[in-house]
Amino acid sequence: MAPFVRTWMLALALLVALSGCEQRREHTVGAPAAPKKPSAKTPAPPSSRVQAAVGDAQRGRRLVEQFECNRCHDGTGLQAAAFEKHCVRCHEDIWQGKFRARTAAGDNWKDHIAHVRVAPSLEGVGRRLRPDYIESFLRDPHDVRPALAPSMPRLALNAEQVRDVVAHLVTLAPAVSRPDRSLEGADLEHGRQLLEEKGCGSCHSFSGVAALPTRPNPDAGSEQQRRAVQLAPDLRYARDRLRLENAALWIMDPRSLKSDTLMPASGLTRDEARDVAAYVLETPLAPAAPRQPPRRLPPLDRRVGFVEVQERVLGRTCGHCHGNADRALGDGGPGNTGGFGFAPRRLDLTSYGGVASGLLDDRGERHSVFDKLEDGTPRLVAALLARQAEEAGKPNPAVRGMPLGLPSLPSEDIQLVDTWIAQGRPR
Amino acid sequence: MTIRRTLARTIALAAALGSVGIVADAHACGDAWVPEIQIDYRIDGIARAEKTYGKGRHVAAAASVIRMMPHAKNLEPKKSTLVERAVRMLAVATARENGALPVAREVPRYAQGSWLGKTPEDRAKNLAWAIETLRKIDGIKKDDPAVKTDLAEALAKVDAHRAEARSLLEALSKKDLVATPEGYAVLAELRSSGGDAAGGKLALTRCEAMAKEAAVCHGRRS
């Protein structure tokens, strides 16, 4: 090959490679920077941490589909999941007595689903939230909404997939650059005063500062207000979550950033909103109290049979996702027939035979749920304990906490399961 | 051509008659013809039988299945159907009672057929049906330890299949997937009769831990 041809080919290849990079950058939103810890004395401006993750938005969209984010969330860029797979809508119908089932069954289900009737919408999430926060949240979900029982489940997403999902969400609602929205010179004390006057504490908690007072609300007790309270995040996390440039606008006119939000317009002026934003984002916070997972209780002295375990634990909580496919139109729930990106585990926790039949691992091999892990804990109990640890901010990378995305079981319930297994799983 | 036309007309007529048959359960209400929805009480009935079965009363569950589906022996189990659930209970109960279901008082005479297993031939036929049925369900369910445990229990009742029964149960036991105390009781018996007394004792201990009543592990009960 003539040298000049080789040179041209090399140049062409380089050009193609570079143009590929450019094309990719169109779907990307930057690289995450190491977050700075704000000190109590000199709060670091959160803007310095606004960075974005490198990801492929198109792949992200496919992942959002695969992981079925639309089963709980609106605003995913996909159509809502089919009714029978939509956790929130299906539960809401059951709650309102509209679900096509016998009244007795519907009434019985109400107790089980009452707490899972609302999930935050992802509409405009890219405009409001910092990409690096979304990324860290998906990797290590934590509870930001104290009044909402369910929380983001720990999905089986790897780091690259997380970045792709973030890129998709950011592409759905790109951030608008507002360089003039610095909080420099804002009056934090005035911000606190306004926060109290506006009654923000009626919905939001703000851990780490003096408690916010509540204000009598004429809508208190309404369905709308109940939802608003459940969806209101603890303002402690706002400095990690919100894009600085939109913080004041979010306080003034939230619907301009998220059309379906339940947060009302505050009626504050721009300067007042800046003061409130500065207080929320920059006021020093008392360190969060370290949480310890509850102590594992020793096995009970009395005999525990399957019926008791079923009535108090498995049938009440686990059976919803790990159900019997033969009884639920072929869908035994995501924990049996697959869902939320998980492969079908073929785990049915609704009957004695089902529990004893174990589950499939990632290679499709069947294992007992009573298999002992390295520390001697049965797999089933380990999953329940792992959820308690997740809530205490100590996730176990080897064991996914159960129930997925729901509050952990009380230690007494885990003790019951533990005792039953230790006694040889009597029927 | 004429034959084809005649055939087409016959099929069309049959289809029309068939559709009339489907809506035959209807009644007139005012000037409207309202189709009547037929409620299949077997759906609730089978669910109740399963509860009875779950409490260890397999003969009562079997009797209830025969009453609801007197022709159960001729039914083909298919995936996720009521029939599959019904005939599975019936097959396991038949195996546990060695092919002779003591249901004379609970099942009307016209539906008793060979279920009572009055002759050795009837008992053998019943056991063969139980094994065949559980094999079919095992084929449908694929890799379901609970069905495999039931199948092994039935296989152990026929000399020619005892080796297969033991092999199935040993494989499940190795992974702690024997799904019922009855399965461990059968494994205990197979091990002991095969000369493995220690293994038999171990399986018996597992059975006793799992069973509600120790009688399940030591002999007949219903």
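Let's begin with Glu196 of chain A: with a relative accessibility of 32%, Glu196(A) counts as partly exposed. Its partner is Arg192(A), and the two form a salt bridge whose closest N and O atoms are 2.7 Å apart. And is Arg192(A) buried or exposed? Arg192(A) is buried, because its relative accessible area is 13% and the cut-off for buried is under 20%. Both residues sit in helix H8 of chain A, residues 188-197, and they are four residues apart, which is about one turn of the helix. Keep in mind that what you see is a predicted model.

Now over to chain B. Asp150(B) forms a salt bridge with Arg88(B), with the closest N and O atoms 3.0 Å apart. Asp150(B) is in helix H7 of chain B while Arg88(B) is in helix H4 of chain B, so this pair ties together parts that are 62 residues apart in sequence. Asp150(B) is buried too, at a relative accessible area of 4%.

Helix H4 of chain B comes up again with another pair. The side chains of Glu182(B) and Arg96(B) meet in a salt bridge, 3.6 Å from N to O. Here Glu182(B) belongs to helix H9 of chain B and Arg96(B) to helix H4 of chain B, so the parts being tied together are 86 residues apart in sequence. Both Glu182(B) and Arg96(B) are buried.

Back in chain A, there's a whole network: Glu92(A), Arg117(A), Glu223(A), Arg226(A) and Arg227(A) are joined through salt bridges that share partners. How many salt bridges are there over all chains? By the rule used here, the count comes to 39.

Okay, next: where the chains meet. The contact involves 24 residues from chain B and 21 residues from chain A. Between them the two chains bury about 1,800 Å², and carbon and sulfur atoms account for 39% of that. There are three salt bridges between chain B and chain A. Arg366(A), for instance, forms a salt bridge with Asp143(B), the closest N and O atoms being 3.2 Å apart.

Last stop: inside chain A. Chain A is divided into domain 1, which is 3-23 + 50-171, and domain 2, which is 306-422. In this contact, 19 residues of domain 1 of chain A touch 21 residues of domain 2 of chain A. The area buried between these domains is about 1,500 Å², with 53% of it from carbon and sulfur atoms. Which residues of domain 1 of chain A lose the most area to domain 2 of chain A? They are Arg71(A), His112(A) and Arg154(A), together 38% of what that side buries. Arg154(A) also has a salt bridge with Glu390(A), where the side chains meet at 2.7 Å, N to O. The count between the two domains is one salt bridge.

That's my tour, so over to you for questions.

Note on methods. Residues numbered from 1 in each chain as written. Chains lettered and ligands numbered in written order. Predicted model: local features only at pLDDT ≥ 70, side-chain atom pairs only at ≥ 80, totals over all residues. Heavy atoms only, no water. Domains from an automatic or database assignment. Contact = heavy atoms within 4.5 Å. Buried area = accessible area lost by both parts, 1.4 Å probe. Salt bridge = Lys/Arg side-chain N within 4 Å of Asp/Glu carboxyl O. Helix = DSSP H or I, 4+ residues; strand = E, 2+ residues; numbered from the N terminus. Buried < 20%, exposed > 50% of the residue type's maximum accessible area, 1.4 Å probe, protein only.
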